[in-house]
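Work through the exercises below with the sequence and the model side by side. Try each task before reading its solution.

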Amino acid sequence: MDQDNQMNMDDLSTYQQPLKNKQNNMALASLIMGIIGIVTSCCCFGGLIFGSLGIVFALLSKTQDRFEGNAVAGLITSIIGLVFTAIVFILFVGSGLMEELAAGGAF
């Protein structure tokens with residue numbers, strides 16, 4: 001009778017549900033910061049701040065020499081946010097410089 005109980009306990013231990021992969025919160029934070037960086041790229045320095053944070057969080061979420069899907073998406077959206085911020089900054093500076101030149105000179 002003891003052997004039957006032991007055999008039943010062994011059978012139960014072999015039929016466990018597979019373990020789920022733990023979600024990396026830094027990768028998710030990177031994705032969120034990248035999206036916020038794109039949205040706020042036209043504001044003062046929102047794209048610069050959130051884009052930079054997104055890149056940092058993506059790099060910190062790297063595990064065992066590879067990135068998760070959210071970390072890659074966060075890295076891409078953060079870079080896009082930084083590029084949009086740079087373009088907006090260049091356009092604002094360029095338009096201000098053009099107005100000065102049209103008014104009689106920048107110096």
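Predicted model: local features only at pLDDT ≥ 70, side-chain atom pairs only at ≥ 80, totals over all residues.

Residues are numbered from 1 along each chain as its sequence is written, and side-chain values use heavy atoms, with hydrogens and water left out.

**Exercise 1.** State how many helices and strands the protein chain has.

Solution. Helices (H or I, at least four residues) and strands (E, at least two) are DSSP runs, numbered from the N terminus. The protein chain has four helices and zero strands. Its pattern along the sequence is α-α-α-α.

**Exercise 2.** Decide whether Ser 78 is buried or exposed, and list what Ser 78 touches.

Solution. Ser 78 lies in helix 4. Buried means under 20% relative accessible area, exposed over 50%, and partly exposed in between (1.4 Å probe, protein chains only). Ser 78 has a relative accessible area of 0%, so Ser 78 is buried. Leaving out residues up to four places away in sequence, Ser 78 touches Ser 30, Gly 34, Gly 51, Gly 54 and Ile 55; contact means heavy atoms within 4.5 Å.

**Exercise 3.** Classify Ile 80 by its relative accessibility.

Solution. Ile 80 is in helix 4, residues 69-102. Ile 80 counts as partly exposed because its relative accessibility is 33%.
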